[in-house]
Amino acid sequence: MEITATSVWTDLEAIRTQNPLIQNITNYVVMNNTANALLALGASPAMVHAQEEVANFVNIASALVVNIGTLSAPWVTGMEVAMQQAAYAEKPVVLDPVGVGATPYRLHTVQKLLSQSTPSVIRGNASEIKALVEHHVQSKGVDSTYSSDTAVEAATQLAREIGCVVVVSGAKDYITDGTQVLEVEGGHPLMGKVTGMGCTASALIGAFLAVNPDALPAATHAMTVMGIAGELAAAKSSGPGTLQLHFYDALYQLTLEQIEAHSRIRMLKTVD
Amino acid sequence: MEITATSVWTDLEAIRTQNPLIQNITNYVVMNNTANALLALGASPAMVHAQEEVANFVNIASALVVNIGTLSAPWVTGMEVAMQQAAYAEKPVVLDPVGVGATPYRLHTVQKLLSQSTPSVIRGNASEIKALVEHHVQSKGVDSTYSSDTAVEAATQLAREIGCVVVVSGAKDYITDGTQVLEVEGGHPLMGKVTGMGCTASALIGAFLAVNPDALPAATHAMTVMGIAGELAAAKSSGPGTLQLHFYDALYQLTLEQIEAHSRIRMLKTVD
Amino acid sequence: MEITATSVWTDLEAIRTQNPLIQNITNYVVMNNTANALLALGASPAMVHAQEEVANFVNIASALVVNIGTLSAPWVTGMEVAMQQAAYAEKPVVLDPVGVGATPYRLHTVQKLLSQSTPSVIRGNASEIKALVEHHVQSKGVDSTYSSDTAVEAATQLAREIGCVVVVSGAKDYITDGTQVLEVEGGHPLMGKVTGMGCTASALIGAFLAVNPDALPAATHAMTVMGIAGELAAAKSSGPGTLQLHFYDALYQLTLEQIEAHSRIRMLKTVD
């Protein structure tokens, strides 16, 4: 399918009409943000992580988002069970490997999850995506220390190895299935001063996957909406505090006209 | 007692004067919202869940609010201990059975809690209340798929079976002790686009129970305040992001005049 | 070193330039606030608590902040391991003993942590600091029931016993190393109606310690910035909801001129 402002809008309208149920196993820091962003977008969020119920919930959800931001052993078990059930039930899965290069525990957890099932989309910043490919990058905590540009190759390589779509988010976002690479320009530097904007992007990808099974356009649509809502919010904000609120309002109010005026998606290249 | 704008105000003033300590065992998503709403109302919130300290804390708290939104085994243990201690110490308890119809684990947990002790108030949306009565409703995650109207019967039945007050919140809220049914009109559709508004309502009920031992008026007062603060906030907001903030401000500033102008409480019926 | 508006600014600029990585093991209620406040200040926050990775993370962090607000056994283990690794790796540590007087479990946990390693700074409200000294104060939940004035003696005593800097926050803040006592006037009463402002203060102290190894001025600088940002935010706010957002904006925008105009730091006394 062609990826344009119109295709972004088509998916957004589908989310607003269908209110897909998005299951999140995510970190404590961003649960509230993620839920509010999904609600503002038009989806129906649920945070369900316990191994006792996680598989039952996958069966009624339309997509699963797994985020390793505040990891501990019981949560890893929940992630494993949920991702395997999602694979079995053919539900789309987004994996957000927060700070994967920062500790061996994070790297090993992600490696274990990826050895058991294959997500539809992996979204991270450049450091995280490179760490997954290189297995030896020393990350500076959960923030990015590599530019996105140098990570496009890593993303393409990862997408091929895993067999999924990989999103590298940054000043420009790159979305690849290992063959095609799309670039989405958008957002605002102030977004980096609000916690959980990356995690929110992953959650929005989950919502788009729930209405569009084609992961490359779905992820590209999500990143486009994320960037435009951020830009519109930043224009009204005097700092990161007010930005976060205007971001939800912008998501909630987003129109086709705004998407047409602000979307900057381009096919970067097609790798053979 | 007669339930009017004046009785709402009397309880609200008591909360503002006494700053009752409200213990919450609640979900990760809404802890911050709940704490901020209780502070804005005039109460003193505390989030304490570990089995090692939960009973000690019940003894110094004025009310306990238990919310199963993000359940796991250690938290269920904390809930059991706390609710039993609250029964022993004669402290009022609010139970919020978030998404109880969504998984067997949630249903079994609530059934276990209810078999061990009786809360003062159960508050849920129509799906949750119906699931508790029917034990076989397939809920769509944590959001409501039944209208409140059809749930009044379920609420009345549940109130009689359990021997507590039941609140069904929705576009209109219904509060019943199994005999009388009160209706509270208020709120704004935009509130449904902010996560945790239902959980916040449950927490506010806890604060009202702390100053008013009569659960039917206390719960009705809380739902009235919730609705009015939501209406006032929505009038100033351009979306769900700004609504959440204005909601706290409205709670904090709420006056007798505003309550008199906006409260729409009526005795719906008295069931024999 | 002399503690003035200029020295506050020097540290703030160092934070904005170096973006130090601050590891937080903190409570569920305030994780989002804390992360946003650290980002707005210019630091790089990370929430990492699992025993499997907590020590690895200490090694790459510039400071560790431990907050016992929502305690449970696995988290206590994480705190123990992290604080001992921080002592070994000579990383500064802030300990926030939230509600320490409210339950034996909290008191015993803090006693255990303090028996294993010594933090650089302990920050609490007057009740918490007194509870630590007296071991028998009955706290009213997590809020303060003692005035800060009567707690200065307790803070001085605690600072000497533990061998660290102690901060008592309240309408006026007091910062002492057991010999010198500094007073910081600032803030706004509305800050008490927003959850987690004390926890945020502890996190900011962590950021200042990351750029200034001298704990007495570092903690004083942090409390000064906290108070000024709160005052500036309150001036723009109509209640606690809007205050929280303007607080982040104020932190983000804080200028030398604002610090010079609003800082009220004085050396209260030097105890022999």
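Colleague: Which residue stands opposite Val121(B) in strand 6 of chain B?

Modeller: That's Val165(B). Before we go on, this is a predicted model, where local features need pLDDT of at least 70 and side-chain atom pairs count only at pLDDT 80 or more, while totals for chains, interfaces and linings use all residues. Residues are numbered from 1 along each chain as its sequence is written, chains are lettered from A and ligands numbered from 1 in the order in which they are written, and side-chain values use heavy atoms, with hydrogens and water left out.

Colleague: OK, and how many bridges hold strands 5 and 6 of chain B together?

Modeller: Strand 5 (residues 121–125) and strand 6 (residues 165–169) of chain B are parallel, with 5 bridges. Further along, Gly124(B) faces Val168(B) of strand 6. Pairing takes at least two DSSP bridges between two strands, and the elements are DSSP runs numbered from the N terminus (helices: H or I, at least four residues; strands: E, at least two).

Colleague: Is strand 5 of chain B buried or exposed?

Modeller: Mostly covered, with 5 of its 5 residues buried, where buried means under 20% relative accessible area, exposed over 50% and partly exposed in between (1.4 Å probe, protein chains only). Val121(B), Arg123(B) and Asn125(B) are on one side, with Ile122(B) and Gly124(B) on the other.

Colleague: Which way do the residues of strand 6 of chain B point?

Modeller: Val165(B), Val167(B) and Ser169(B) go one way, Val166(B) and Val168(B) go the other, and all are buried.

Colleague: What joins strand 4 of chain B to strand 5?

Modeller: There are 2 bridges between strand 4 (residues 93–96) and strand 5 of chain B, in parallel, and Val94(B) has Val121(B) as its bridge partner.

Colleague: Zooming out, what is the strand order of the open sheet in chain B?

Modeller: The 9 strands of chain B go 2-1-3-4-5-6-7-8-9, with mixed pairing. Strand 2 (44–47) and strand 9 (264–270) of chain B are at the edges with a single partner strand each, so one side of each has no neighbour in the sheet.

Colleague: Now helix 6 of chain B: how many of its residues are buried?

Modeller: Helix 6 (residues 126–134) of chain B has 8 of its 9 residues buried, among them Glu128(B) and Lys130(B). At the start of the helix, a side-chain oxygen of Asn125(B) comes within 3.1 Å of the backbone nitrogen of Ser127(B). After the helix comes His135(B), with a positive phi near 60°.

Notes:
A polar contact is a pair of N or O atoms within 3.5 Å; within protein, one must be able to donate a hydrogen and the other to accept it, and residues adjacent in sequence count only if both atoms are side-chain atoms.
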